[in-house]
Amino acid sequence: MYQYHCLNPISNIGLSRFTENYQKTEEIKNADGVLVRSAAMHDIELPENLLAVARAGAGVNNIPLDKCAEHGIVVFNTPGANANGVKELVIAGMLLASRDIVGGIEWVKANKDVETIAKDAEKEKKNFAGTEIAGKKLGIIGVGAIGVKVANTAVNLGMEVYGYDPYLSVDVALSLSREVKHVVNIDEIYANCDFITIHVPLMDSTKGMINAEAIGKMKDGVIVLNFARDLLVAENDMLAALDSGKVRKYVSDFANPTTAGHNGCIVIPHLGASTEESEDNCAVMAVDELKDYLENGNIRNSVNYPACDMGTCGNMGRIAILHKNIANMITQFTAAFGEAGINISDMTNKSRGEYAYTLMDIEQTADNKIIERLKGIPGVFRVRVVK
Ligand code: MLT
């Protein structure tokens, strides 16, 4: 019986995929797996038994990835599962920035009791007028699961789309409209685009990437959209650019005291993935990833350990070893089984940066002595008898 704990509410469509072999626990300390959305995990003490964390969403800045890796905890996310929800809000963001739709609606609300509202509206509307998005140039920084959907939709809306992504995957490239101009220098986006939208993960290398220097390279009157993470933008630089008129609007899905209420900022309370469909899709994907890891040791869409798939766990034993990516590990693992006379029938070893994962099918049950021996090898974080 596996136990799972939800740090945030998770859609029932996802949770219903847990079979009778799973039990929900209200205590994280009892959990084999944790499901999380935005709860901050950096200060949570990681329970000894915890095997995996599945983030129902894409961003993982609320999870201490290295700390988890060093405790032998695999962290998963659900790339693409909420991409359509985010894409739709990015398109809405472009429209909200192009005409003062929000200002117009507020004017109507403020004048709801005025008898002459219909006539007055015709006079007032010039204050809320703007431009169209068709024919404008849209620059997409980060053409991943969300970026590709934004790109293709924008093409269909008549925009000229530029995409920048040094890590463009083959899958994305195959689904990207041929009308999208793929640029290899981000400055081309800055120099040409009327709208710029960011879709990269928040990492040390991307933090504050949209700063005064980057903004300085942009066209006057540019509209910047941020549905990725607020810390990607040096927001004080952005406010200065809004005040000077360099940037026309900054649309952000991240409410914070810096941008909330500032002139030119359109701030949304993190609604990108807040649709029934996205929440269901993320929950289904997160639960499936968690189950496959707990039951079979397979890793799909992890953000701290490499992908690994040895299929369904058969009748024989399966051992998972989470360890440092250093020399001489496999020799020591195989020696432990070899010296005990146990045949390894299948094995995969994969690495990702500093961390590695070895999954082995063995032809008889490994006794405690072997497991303890494996655990004692320097650089091993966790040894798990999957079966
Ligand atoms: C994501 O990271 O997937 C989105 O920002 C939505 C969310 O945080 O749930």
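## Ground rules

Residues are counted from 1 along each chain as its sequence is written, and side-chain values rest on heavy atoms, with hydrogens and water left out. Because the model is predicted, local features need pLDDT of at least 70 and side-chain atom pairs count only at pLDDT 80 or more, while totals for chains, interfaces and linings use all residues.

## Nonpolar cores

In soluble globular proteins, nonpolar side chains tend to be buried together. A nonpolar core is a set of buried Ala, Val, Leu, Ile, Met, Phe, Trp, Tyr and Cys residues joined through side-chain atoms within 4.5 Å. Buried means under 20% relative accessible area, exposed means over 50%, and partly exposed lies in between (1.4 Å probe, protein chains only).

The largest nonpolar core here has 34 residues. L15, F18, L35, Y293, Y305 and Y357 have the most contacts inside it. The elements giving two or more residues are β1 (2-6), β4 (52-55), β5 (74-76), α11 (276-296), β13 (317-324) and β15 (355-362). Helix α11 gives the most, with seven residues. Helices (H or I, at least four residues) and strands (E, at least two) are DSSP runs, numbered from the N terminus.

What does Y305 contact, leaving aside its neighbours within four places in sequence? Its partners include I73, V74, L322, Y355, Y357 and F381. Contact means heavy atoms within 4.5 Å.

## Cysteines

How many disulfides does the structure hold? The count is zero. A disulfide needs a pair of cysteine sulfur atoms within 2.5 Å. For C68, the nearest cysteine sulfur is that of C6, 16 Å away. C68 is buried, with a relative accessible area of 0%.

C313 is in no disulfide either. The nearest cysteine sulfur to C313 belongs to C308, 12 Å away. C313 is buried too, at 14% relative accessible area.

D230 sits in the loop between β10 (222-226) and α10 (235-244). This residue is buried yet has no salt bridge. The nearest side chain of opposite charge, R229, is 6.7 Å away. In this count, Lys and Arg are positive and Asp and Glu negative; His and the chain ends are not counted.

Which side chain joins that of D230 in a polar contact of 3.0 Å? The partner is N256. A polar contact is a pair of N or O atoms within 3.5 Å; within protein, one must be able to donate a hydrogen and the other to accept it, and residues adjacent in sequence count only if both atoms are side-chain atoms. Not counting residues up to four places away in sequence, D230 touches E235, F254 and N256.

## Salt bridges

Side chains of opposite charge can pair when their charged atoms come close. A salt bridge is a side-chain nitrogen of Lys or Arg within 4 Å of a carboxyl oxygen of Asp or Glu. The whole structure has 13 salt bridges. One joins K112 and D113, with the closest N and O atoms 3.3 Å apart. K112 is exposed at 59% relative accessible area, and D113 is exposed at 65%.

K219 and D194 form another, at 2.9 Å from N to O. K219 lies in the loop between α9 (212-216) and β10, and D194 in the loop between α8 (186-192) and β9 (195-198), so the pair ties together parts 25 residues apart in sequence. R373 and E339 also meet in a salt bridge (2.9 Å, N to O). R373 is in helix α13 (residues 368-375) and E339 in helix α12 (residues 329-339), so this pair links parts 34 residues apart in sequence.
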